[in-house]
Each structure stands twice: as structure tokens, then as C-alpha cells.
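Have a look at the picture first, then read on.

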Amino acid sequence: MNPFESLVAPVLQAFPELDANDITFTPPPNLDLGDVTIPMFPVARKLKNAPAKIAAQAAKKVSFGPEVSAAEAAGPYLNLRLDRAAFARRIVSAVLSGGDAFGSNRSGAGKRVVLEHTSINPNASPHVGRARNAMIGDSLARLLRFEAHEVEVHYYVNDMGRQIGLLVLIADQLQNLDFDGVLDAYVEANERAREDEAFAAEGYALLAKMEEGDPDTRARFRAVTDLCLEGQLAVLARLGATYDVFDRESKYVRDPRQERLLEALRARDAVFTDEKQRLVVDLSKLGYPREEGRYFVLMRANGSSMYGFRDLAYAMDKQELGADMNLMVLGEDHKLYAQQLALILGAMDHPAPESVYYSYILLKDGKMSTRKGKVVLLSDFLDQASELARERVAEQCRDLPPGEQQAIAEQVAVAAIRFAVLRVTPNKNVIFDMDQALSFSGDTGPYVQYSCARINSILRKYGGEVSAVVPEDFPAGSTAEWALLTALANFPNVVAGALQQRSCSTIAVHALDVAHLFTTFYHDCPVLKAETPALVEARLQICKATLQTLKNALHILGIEAPERM
RNA sequence: GCCCCGAUAGUUCAGUGGAUAGAACGAACGCCUCCUAAGCGUUAGACGAAGGUUCGAUUCCUUCUCGGGGCGCCA
């Protein structure tokens with residue numbers, strides 16, 4: 001949606017050398033200068049003249065018609081003063097008719113996407129660091145769906161491996177191990193493996209039996225990993241994260257695809273058995289440029305396979321689903337690893353999935369450490385945040401039944417964590433501060449929700465149905481209204497940019513902008529007590545359009561917009 | 001040692017070559033007979049360092065410093 005589309009043709013008429021793509025619209029730094037700006041840099045480049053000169057020319061030469069009351073050059077910019085009401089009407093109308101799809105460019109219509117994310121090792125309850133993957137992945141899925149892609153979300157269950165083997169051993173010794181006890185058991189198992197060589201060896205032996213397909217061993221692994229997975233999914237469900245398909249790693253042991261891959265590697269002379277009898281890929285034969293990270297082990301000396309060997313089969317399996325886009329969300333610790341996988345797959349001209357990386361979440365006083373107990377568990381955070389929110393809701397929504405109060409509190413808690421994490425650019429570390437995340441004030445998810453609750457409150461008090469049909473003589477045009485509406489109009493661009501960057505952080509930032517602008521509007525422009533009935537109606541429509549935009553943005557972020565809070 | 005990310009107010013984050021670098025938290029002061037004070041207003045406060053490319057650099061390039069991640073039987 002470009003609300004200023006009608007201004008393009010007059011410019012092209014005055015400068016026939018240009019085409020529509022040369023004309024862009026940006027908000028001026030402040031509304032005293034004008035209502036919208038056309039920067040002359042691209043225009044000047046094409047006309048091979050100084051931007052300021054072109055701007056001055058354009059101010060005189062272009063006849064915009066009645067929608068533009070003034071066109072002034074300011075340096076390299078052409079500032080236009082508009083008949084705001086006419087444009088405001090178009091914007092509100094576009095938002096209201098777009099509804100839940102407002103903001104979507106439908107760029108994914110007809111495209112299928114396979115997206116793998118979260119894929120936490122089935123051991124302990126996830127901490128907020130691990131959960132960054134789930135939040136980024138889940139929001140990416142939502143963004144893709146919002147843009148009309150058909151998305152299938154996959155969760156890779158790492159139900160094998162040394163650490164799971166150790167956990168199985170410990171689980172056998174402890175009685176009635178439940179999910180809450182897994183973290184301690186896991187720490188204990190790893191400690192013991194470090195100290196007690198026999199115990200560690202037992203773990204490897206168990207792993208080998210698992211790979212051989214011993215039914216009893218498989219059942220024991222399955223029991224432990226199911227216990228963990230169920231517990232983890234319950235916590236992730238609180239976040240609103242959902243998955244369509246669970247792929248178990250154990251399915252990819254001795255996968256027939258691996259033999260095909262080995263053939264391709266042999267043909268490139270890129271695989272060998274080393275002096276310790278390990279099966280190793282020499283990536284330098286596949287174009288890898290450095291000594292560090294040059295070797296990639298597929299199989300241990302005892303014939304058991306490494307994680308990467310199974311993962312290669314998994315990557316091929318996912319590719320065979322034939323999606324138009326094959327994405328996976330990975331921590332930055334997987335960067336080299338994914339590059340290595342891509343090179344190996346490339347040996348058989350097999351495409352690799354596209355990786356979306358994110359950096360670790362750090363605590364204010366340093367890195368998280370499971371061993372030192374220096375972690376913030378996602379469930380602990382949600383419990384605390386939910387309890388704090390519940391106290392607030394109990395004060396402010398006394399008339400609601402406790403169940404509803406509780407539901408709202410949970411929504412606020414989820415908003416707090418999702419927003420705090422998602423608003424940061426994925427390739428930057430998130431510095432997580434518990435107190436800050438629990439404060440709910442300032443630039444937070446709950447603040448955006450609060451804006452929604454205020455709008456809902458106005459609509460509730462009004463009582464009637466707010467029409468989606470915007471009248472010809474839409475009376476709104478004050479500064480606060482204009483600033484808010486132009487931000488709403490920009491939402492589709494923000495969505496398109498987010499998809500391009502594979503990151504929802506700009507959506508979070510935009511939601512915050514809109515919420516701030518709404519608050520200014522809220523203070524400057526009375527809605528229900530506006531001077532005329534027509535203005536009441538118009539402002540109600542602005543409220544409704546704002547709510548719709550915020551809801552759509554929050555939906556992509558996986559955050560609810562409560563009616564009250 | 002080598003490779004990949006990052007560095008913006010005291011703090012946490014925006015800002016994809018263009019106008020006076022924006023918020024929020026924290027600090028100080030002020031605002032609830034007025035649609036929810038989880039709010040609003042005012043004040044103070046920043047581009048890690050040095051070079052380069054450009055009409056113009058927080059943004060691109062180089063080096064350095066600091067932080068995060070990685071570099072053959074963990075997943």
C-alpha cells in the first residue's frame with residue numbers, strides 16, 4: 001500500500017525521463033517541514049544534476065493538483081504539504097478493509113516452506129537462551145504465513161548421542177525420574193562421566209547398542225527422551241510455539257542416503273579413514289580454504305556414527321519434501337558446522353538449507369552456565385512474570401473472574417519475554433536483565449498490549465459498531481493523527497523488509513512506534529468527546545485501524561492483544 | 001594462532017550512504033474531578049580508536065582495541 005501513489009504521476013509528467021521507481025516517499029524529520037518528503041537523490045542521479053537544484057526545479061515545475069497545498073524545496077528534499085484528510089481517508093480505509101491481513105504483501109502465495117527450529121536437546125527444561133531459537137523460529141513461521149506462504153514447521157528431536165546415553169544410565173538408577181528432576185540428573189550424569197571412566201564407557205556402549213537397533217535400549221532412550229520432550233513442549237506451548245512435524249534423529253541412523261553421499265565424496269577423493277580408524281571428510285577437497293575446521297568426522301572408530309552424519313541424511317530428507325524454501329534457525333555456534341554440511345552436500349550437488357543465525361543471550365553479569373546454576377529457566381521467568389502481572393490485573397480488572405485474570409496475566413508474561421528477545425537484531429547478543437524484563441514499563445511487549453487494551457476500552461465504551469466505510473469528507477488531519485496514520489501505512493513495507501531480512505525485530509520496533517504514536521494521539525485527541533459526531537466517528541475509525549495494525553504486528557510476534565489488562 | 005559476528009547516552013535497544021543520530025530504563029522536576037498512571041510532559045546525557053573511499057559515513061573498506069561464537073571421535 002502506497003498512500004502517496006497519486007503523487008507519482010504529476011512528478012513523472014514534469015520529468016519524463018524518470019520512472020515510478022525513482023520517486024520515493026519518506027516522512028520529514030518533523031511535520032513543520034511538510035507532511036511527506038520526496039528525496040531527490042535518486043532523481044538527481046538519473047538526471048545527472050545536483051539534488052538541491054532538482055528539488056528547487058521540481059518545487060516550481062510539478063503541478064500536483066488540489067491534494068497538495070504547498071511544495072517546497074529544502075536542500076535536496078522536496079517537502080509537500082497535503083490535504084491530509086484525503087490521504088488519511090485512504091489509509092484508514094486500506095487498513096480496515098485489509099483486516100487481519102492488513103500489512104501482508106502476499107509475497108508467498110503459492111510457495112511452500114519447510115522451517116526447522118527449536119530442536120533443543122531433550123534433556124532439561126529450556127532456559128531463555130535456548131528459547132531464543134524457538135521465539136525467532138516461531139515468529140519467522142508466523143511472518144511467512146502472514147505473507148501467505150504455506151509453512152511446515154519441523155522439530156528435530158536429538159534423541160541420540162552421548163549425553164542422552166548418560167541420562168538414560170542415570171535415569172535407570174534414580175527411581176521415578178520426572179521432568180523437574182532431569183536438570184539435576186543431567187548435571188550429575190555429566191559430572192560422573194568426567195570423573196568415572198567406566199561410567200563414560202558404559203554410556204558409549206549404550207549408544208552403540210542403540211545404533212544397532214537393540215529394542216530394549218531403544219525403548220529406554222525413547223522413554224527418557226519422551227519425558228524430556230513432553231516437558232519441554234509444555235513450556236514452549238506457553239510461549240505459543242507450535243510444530244507440525246517431529247523428526248527423530250534416531251530415524252537417520254544408517255540411512256540409505258548416507259551411502260550415496262559417501263560415493264559422491266569418494267568420487268571427489270574427499271573422504272578417508274584416518275590412523276585412528278575414523279571415517280573423515282577432508283573438506284579442503286571440496287573447496288574449504290582453511291586448515292582449521294578442515295576435517296569433519298562422520299564415524300567413530302567403533303563404527304558408531306557422529307551427529308553430523310545423521311544430520312546430513314536429515315538435510316537430504318527435508319530437501320526431498322520439495323519445498324520452495326528450506327530454512328533452519330541455528331545458534332551462532334553452528335555457523336561453521338552448517339558451512340561444513342553445505343560443502344559436503346555440495347559434493348553431490350545437493351542444495352543445503354538456508355540458515356538463520358542468532359547470537360546467545362547473556363546475563364547482565366556474564367554468560368549463562370547450567371553447571372554453575374547461572375541460568376534463567378523459561379518456565380521460571382514465565383511463572384514470575386505471570387504472578388506479577390496477575391497482581392496488576394487483579395487490581396485493575398476486579399470484575400473479571402479469576403480464570404480470565406489469570407489468562408490475561410499469562411499473555412502479559414509471554415509478551416514480556418517474546419518482545420524483549422525478538423526486538424533485538426538476531427545476530428546481536430541479548431543482554432537479559434530479569435528486573436528489566438519483569439518491569440512491564442517502557443519499551444516492552446506489555447506496553448504495546450496496553451495500547452491495545454486502551455483502544456479496546458474506547459471501543460467498548462462507545463458500544464456501537466464502527467463502520468469500515470470511511471466517508472469522503474474524513475475530518476481527521478491533526479498532527480497526532482497524521483503521524484499515527486502514516487506509521488500505519490508503512491506497516492506493509494516493514495513486513496516486506498522483515499521477510500527479506502528473515503528477522504522480526506523490525507516488526508517489534510514498528511509496533512512500538514505505532515504504540516507511542518497512538519499514546520500521543522490518545523492524549524491529544526479526545527475520541528468519544530470529540531467536538532463533532534463526524535470527528536467522533538473518524539477517530540473511532542483511527543482507533544480501530546490502529547488496533548488492527550498492532551494486532552497484526554503482535555500476531556507475527558506471537559503476542560496476544562488483550563481486551564483488557 | 002586462524003575464521004565468523006558485534007561495539008551508538010550511566011544502562012538496554014533503534015537507526016541498510018543523506019535534513020538537528022531516535023526511544024526506553026535509570027536520574028531530576030511536574031501531571032490522575034478528563035476515553036485505563038502498565039501512561040504522559042520537561043531537563044541532563046551517546047556513534048570504541050585511528051586511517052581511507054565519497055559531494056556527503058553511525059552506515060562502505062583497512063588496521064587496532066574490547067565483547068560473543070567457532071576451529072577432527074559433543075549435539
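## Backbone contacts with the RNA

In this predicted model, a polar backbone atom of arginine 162 sits 3.1 Å from a phosphate oxygen of RNA strand B. Tyrosine 295 gets involved through its backbone too: one of its N or O atoms lies 3.3 Å from a sugar or linking oxygen of RNA strand B.

Which elements give two or more residues to the surface near the RNA? The helices are H6 (162-173), H12 (335-346), H13 (378-396), H16 (445-462) and H18 (505-524). The strands are S3 (77-82), S9 (295-299) and S13 (430-432). H16 provides the largest share, with seven residues.

## Who surrounds the strand

How many residues surround RNA strand B? There are 71 of them, and the closest are Tyr77, Gly293, Tyr450, Ser457 and Gln501. On the RNA side, 63% of the atoms that come within 4 Å of the protein belong to sugar and phosphate.

## The domains

Zooming out, chain A is divided into domain 1, covering 5-82, and domain 2, covering 378-557. How far apart do their C-alpha centres lie? The answer is 33 Å.

Definitions and conventions
Residues are numbered from 1 along each chain as its sequence is written. Chains are lettered from A and ligands numbered from 1 in the order in which they are written. This is a predicted model: local features need pLDDT of at least 70, side-chain atom pairs count only at pLDDT 80 or more; totals for chains, interfaces and linings use all residues. Side-chain values use heavy atoms; hydrogens and water are left out. A residue is near a molecule or strand if one of its heavy atoms lies within 4 Å of it. A polar contact is a pair of N or O atoms within 3.5 Å; within protein, one must be able to donate a hydrogen and the other to accept it, and residues adjacent in sequence count only if both atoms are side-chain atoms. Helices (H or I, at least four residues) and strands (E, at least two) are DSSP runs, numbered from the N terminus. Domain bounds come from an automatic or database domain assignment.
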